[in-house]
Amino acid sequence: MISIELEGLDELIAKLNGNSLYAGPVKDAFNRSVLHLESQVKERTPVDTGRLRSSVTHAIDSSVIPLWGKVGTNVSYAPMIEFGTKAHVILPRNKKALAFRIGRKGKRIIVMRVNHPGTKAYRMFQNAYRDSLSQIEGFFRRAAQEIESKWGK
C-alpha cells in the first residue's frame, strides 16, 4: 500500500474553489486568443460580397473559468472556400438570383446550368490558426505567470 500526504492541500483547494485567483487571467487569455484568431481569419478571407468575412465571429465558454473558445462562421459556403471545390455543375434553384448575378448592364440572362471550374482552397481558418499558435500560447503563458505571481499572496 502506498500512502501520499500533501501538505497545504486544504489551502490549495480553497484557492482553487475561490476562482478569483485564476478566473480573470484565464478569461483574459481566451478573450485575447479568440479576438486575435478572428482578426487573422478575417484578414485571410477572400472578399466578393463581404458576407463571409463579416460573418466570422467568436464564442467563449461562459463558465466562470472557460475551457474552450472558438472562431467560426454560420455561412453555408464557408467550407467550400476553406477547402476548395473540384470542377462542378451548378444547377440554379433560383434562376432570377443567378441571372442577376451574371447579368450584364441590367440585362437578365436566364441560364439552365453553369459549368464551374472549381474553387481554390483558401484555408483561412487553418492558416490563421497555424500562424497564430505562438501568439495564443503567449497569451496563456502570461496568464500562467499572472496566476503564479498571485499564488503566494
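Reader: Ile60: buried, partly exposed or exposed?

Author: Partly exposed, because its relative accessibility is 22%. The cut-offs: buried is under 20% relative accessible area, exposed is over 50%, and partly exposed is in between, with a 1.4 Å probe and protein chains only.

Reader: What kind of model is behind that?

Author: A predicted model: local features need pLDDT of at least 70, side-chain atom pairs count only at pLDDT 80 or more, and totals for chains, interfaces and linings use all residues. Residues are numbered from 1 along each chain as its sequence is written, and side-chain values use heavy atoms, with hydrogens and water left out.

Reader: Fine. Where is Ile60, and what is it in contact with?

Author: Ile60 is in strand E1. Leaving aside neighbours within four places in sequence, its contacts are Phe30, Asn31, Val34, Pro66, Trp68 and Gly69. Contact means heavy atoms within 4.5 Å.

Reader: How far is Ile60 from Val71, C-alpha to C-alpha?

Author: 9.0 Å, and the two are eleven residues apart along the chain.

Reader: And His58, where does that sit?

Author: Also in strand E1, which covers residues 57-60. Strands here are DSSP runs of E with at least two residues, helices are runs of H or I with at least four, and both are numbered from the N terminus. His58 has a relative accessible area of 30%, so it is partly exposed.

Reader: Which residues does His58 touch?

Author: Val34, Leu35, Glu38, Lys70 and Val71, not counting residues up to four places away in sequence. Val34 is 24 residues from His58 in sequence, yet their C-alpha atoms are 6.1 Å apart.

Reader: What does the His58 side chain make a polar contact with?

Author: The side chain of Glu38, at 2.4 Å. A polar contact is a pair of N or O atoms within 3.5 Å; within protein, one must be able to donate a hydrogen and the other to accept it, and residues adjacent in sequence count only if both atoms are side-chain atoms.

Reader: Zoom out. How many helices and strands?

Author: Six helices and four strands. From the N terminus the order is α-α-α-β-β-α-β-α-β-α. The protein has 153 residues, and 25% of them count as buried.

Reader: Which residues make up the largest nonpolar core?

Author: Eleven residues: Val34, Leu37, Val41, Leu52, Val56, Val71, Val75, Ala78, Ile81, Met124 and Ala128. A nonpolar core is a set of buried Ala, Val, Leu, Ile, Met, Phe, Trp, Tyr and Cys residues joined through side-chain atoms within 4.5 Å.

Reader: Which elements give two or more residues to it?

Author: Helices H2 (23-44), H4 (78-83) and H6 (124-151). H2 gives the most, with three residues. There is also a second, separate core of seven residues, including Leu21, Tyr22, Val26 and Phe30.

Reader: Back to Met124. What does it touch?

Author: Val41, Arg44, Thr45, Pro46, Leu52, Ala78, Ile81 and Glu82, again not counting residues up to four places away in sequence.

Reader: How many aromatic pairs?

Author: One. The rings of Phe30 and Phe140 have centres 5.0 Å apart and planes at 85°, so the pair is edge-to-face. Rings of Phe, Tyr and Trp (its six-membered ring) pair if their centres lie within 6.5 Å; planes under 30 degrees apart are stacked, over 60 edge-to-face, and the rest tilted.

Reader: Something else: what about the phi of Arg123?

Author: Positive, about 50°, although Arg123 is not a glycine. Most residues other than glycine have a negative phi. Arg123 is in the loop between strand E4 (114-116) and H6. Its relative accessible area is 29%, so it is partly exposed.

Reader: Last one. Ser55, buried or exposed?

Author: Buried, because its relative accessible area is 14%. Ser55 lies in helix H3 (residues 51-55). A polar atom of its side chain is 2.7 Å from the backbone oxygen of Leu52. Beyond neighbours within four places in sequence, Ser55 is in contact with Gly72, Thr73, Asn74 and Val75.
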